[in-house]
Amino acid sequence: MRNKIVHPGADNFRYEIREIVDLAHKVEKMGVPIVWENIGDPVEKGEQVPDWIKQHIIKVLSENKTYSYSPSKGLLKAREYIAYERNIEGGIQINPDDILFFNGLGDAISMIYRNLNPNSRIIGPNPAYPTHSSAESAHADAPYITYRLNPYNGWQPDLEEMEQKIKEHPEISGILIINPDNPTGFVYEVDIMKQIVNLTRKYNLFLISDEIYSNLTYGDIEYKKLAAVIEDVPAIGMRGISKEFPWPGARCGWIEFYNRDKDKDFNSYTQALINSKMLEVCSTTLPQSVIPVIMSDPRYYPYLEKRCGEYKRRAEIVYSHFSKIPELIVNMPHGAFYMAVVFKNGVLTDTQKLPIENGQVRTFFADIIAREEVLDRRFTYNLLASTGICVVPLMSGFNSTYHGFRLTLLESDESKFTGTIKKLCESIKTYIYS
Ligand SMILES: Cc1ncc(COP(=O)(O)O)c(C=O)c1O
């Protein structure tokens with residue numbers, strides 16, 4: 001090329017959750033069956049979308065207008081349902097104009113950071129969901145700025161560090177929370193959320209809350225969406241149907257603007273997001289058409305409750321096994337369908353190994369493992385090669401300062417799930433003491 005055509009921030013685009021899949025497929029071809037514990041797709045893991053949801057979709061599919069473009073912000077019916085009929089827990093009242101649909105929240109995330117002034121930064125959690133951290137970091141072409149979720153304290157956010165960083169980095173213009181969180185399953189208590197809202201107000205920032213798992217909570221902690229506690233602070237709430245229906249292949253999510261009228265700059269930023277979506281014409285029409293019908297069906301919330309009960313039960317199984325290993329830190333999740341397991345400091349070394357029975361796999365991984373410097377990634381490669389269990393390392397996969405891995409709570413066959421957890425525990429012990 002006569003000019004450099006690669007964006008300077010391009011190296012920051014990493015999505016290890018899917019990258020590890022390439023390796024796992026190679027292992028599979030060499031004859032080792034894979035236990036896919038890497039990706040948060042309930043359908044891929046065998047969850048059945050209920051027939052009554054499918055019937056609603058089939059009905060809408062048979063209508064001619066479903067095949068047309070929708071308005072750039074999204075179908076009015078869907079936005080009206082979300083703004084007025086959905087219970088927003090006594091919080092701020094938005095109107096349909098405060099809602100903007102996207103082709104999945106992944107699309108919304110990249111649009112949010114792309115439209116931000118390159119000199120403005122968003123501070124986010126560590127561990128971080130990589131779509132947020134990569135997009136933010138690429139937009140600024142600089143390392144992601146984080147506050148710590150503390151595994152030694154039930155994954156509570158370190159608010160002192162958050163404030164300290166906000167003071168140190170005048171370029172920080174916003175705070176991101178993911179609630180319930182991916183990869184930890186942590187749910188923010190209302191009091192903590194209020195403290196974060198207060199910090200946002202104190203430093204004249206705006207707040208983003210990714211709430212894609214907001215209807216998938218099951219712990220003892222009372223869950224509130226940001227809309228319920230935001231008061232007068234400019235903010236964005238992010239929601240979607242990928243995990244709830246679950247229908248990740250629909251590519252449908254939306255954002256909600258709170259208090260656009262409270263800040264001129266924030267208002268211009270939200271307008272830029274709306275204009276950008278207009279340039280793309282619109283988002284997918286079909287899922288928007290069914291959102292009001294499905295969410296208002298009396299079977300919807302009982303269906304979610306049942307799923308949450310299953311996630312809770314699987315979380316208890318994981319907790320009961322992993323909490324017996326003193327070298328690990330494990331916390332019960334209260335929402336979403338993941339658990340992040342942390343190796344205590346100093347537990348992992350660069351000489352530990354697992355036996356790899358399959359000769360072809362052993363040869364294939366010899367070099368990869370020898371070259372790997374990140375200790376938790378090294379563990380996940382050993383695990384994959386030895387057992388076929390595919391988990392995502394925390395440090396490289398989720399921008400974390402802690403070594404560990406994330407697994408999902410999606411396997412619906414309980415004996416298979418328990419078997420995987422037991423095998424994981426045995427492998428961890430063998431690895432640590434090898
Ligand atoms: C926290 C979080 N936000 C956003 C997304 C992206 O969701 P979507 O399928 O709507 O693009 C995910 C997907 O795993 C997620 O975990």
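**Close-up views of the helix packing, sheets and ligand shell**

**View 1. Packing of helix H10 against helix H14.** Helix H10 (residues 300–322) packs against helix H14 (residues 414–432) at an angle of about 25 degrees, and their axes lie 10 Å apart. The structure is a predicted model, in which local features need pLDDT of at least 70 and side-chain atom pairs count only at pLDDT 80 or more, whereas totals for chains, interfaces and linings use all residues. Residue numbers start from 1 along each chain as its sequence is written. Helices (H or I, at least four residues) and strands (E, at least two) are DSSP runs numbered from the N terminus; axes are lines fitted to C-alpha atoms, for helices over the stretch in contact, and angles between N-to-C directions run from 0 to 180 degrees. H10 and H14 are therefore roughly parallel to each other (under 35 degrees is roughly parallel, over 145 roughly antiparallel, 65 to 115 roughly perpendicular, and the rest oblique). From H10, Arg314, Ile317, Val318, His321 and Phe322 meet Phe417, Thr418, Ile421, Lys422 and Cys425 of H14, where contact requires C-beta atoms, placed from the backbone, within 7 Å. By class, this contact of H10 with H14 has six nonpolar, two polar and two charged residues (Ala, Val, Leu, Ile, Met, Phe, Trp, Tyr, Cys and Pro count as nonpolar, Asp, Glu, Lys and Arg as charged, and the others, Gly among them, as polar).

**View 2. Packing of helix H12 against H14.** Helix H12 (residues 375–387) also has a packing arrangement with H14, here at an angle of about 120 degrees and with the axes 11 Å apart. That makes H12 oblique to H14, and the crossing of these two helices is right-handed. Phe379, Asn382, Leu383, Ser386 and Thr387 in H12 meet Lys423, Ser427 and Tyr431 in H14. The contact of H12 with H14 has three nonpolar, four polar and one charged residues by class.

**View 3. The open sheet of eight strands.** The strands of this open sheet follow the order S2-S9-S8-S7-S6-S3-S4-S5, and their pairing is mixed (two strands pair if DSSP finds at least two bridges between them). At the edges stand strand S2 (99–102) and strand S5 (156–157), each with a single partner strand, so one side of each is left without a neighbour in the sheet. Strand S7 (residues 206–210) and strand S8 (residues 235–240) pair in the parallel sense over four bridges, and Ser209 has Gly237 in S8 as its bridge partner. Helix H5 (residues 130–140) lies across strand S3 (121–126) and strand S6 (172–178), running at about 150 degrees to S3.

**View 4. Packing of helix H4 against H5.** The axes of helix H4 (residues 105–114) and H5 come within 9 Å and cross at roughly 25 degrees. H4 and H5 are therefore roughly parallel to each other, and H4 passes H5 in a right-handed crossing. In H4, the residues Gly106, Ile109, Ser110, Tyr113 and Arg114 meet Thr131, His132, Ala135, Glu136 and His139 in H5. The residues of this contact of H4 with H5 divide into three nonpolar, five polar and two charged.

**View 5. The ligand shell and backbone details of two loops.** Of the 14 residues around the ligand, Gly104, Leu105, Gly106, Asn182 and Ser242 come nearest, a residue being counted as near if its C-beta atom, placed from the backbone, lies within 6 Å. The shell around the ligand has five nonpolar, eight polar and one charged residues by class. Asn182 is joined to Pro183 by a cis peptide bond with omega about 20 degrees, and Pro183 has its place in the loop between S6 and H7. The peptide bond from Asn179 to Pro180 is also cis, with omega near -5 degrees, and Pro180 is found in the loop between S6 and helix H7 (190–202). Arg251, although not a glycine, has a positive phi of about 50 degrees and is placed in the loop between S8 and strand S9 (253–258). Most residues other than glycine have a negative phi, and most peptide bonds are trans.

**View 6. The open sheet of four strands.** The strands of this open sheet are arranged in the order S10-S11-S14-S13, and the pairing is antiparallel. Strand S10 (328–329) and strand S13 (392–393) stand at the edges with a single partner strand each, so one side of each is left without a neighbour in the sheet. S13 and strand S14 (residues 404–408) pair in the antiparallel sense over two bridges, and the bridge partner of Val392 in S14 is Arg406.

Technical notes. Contact = placed C-beta atoms within 7 Å. Left-handed = near helix turned anticlockwise from the far one by under 90°.
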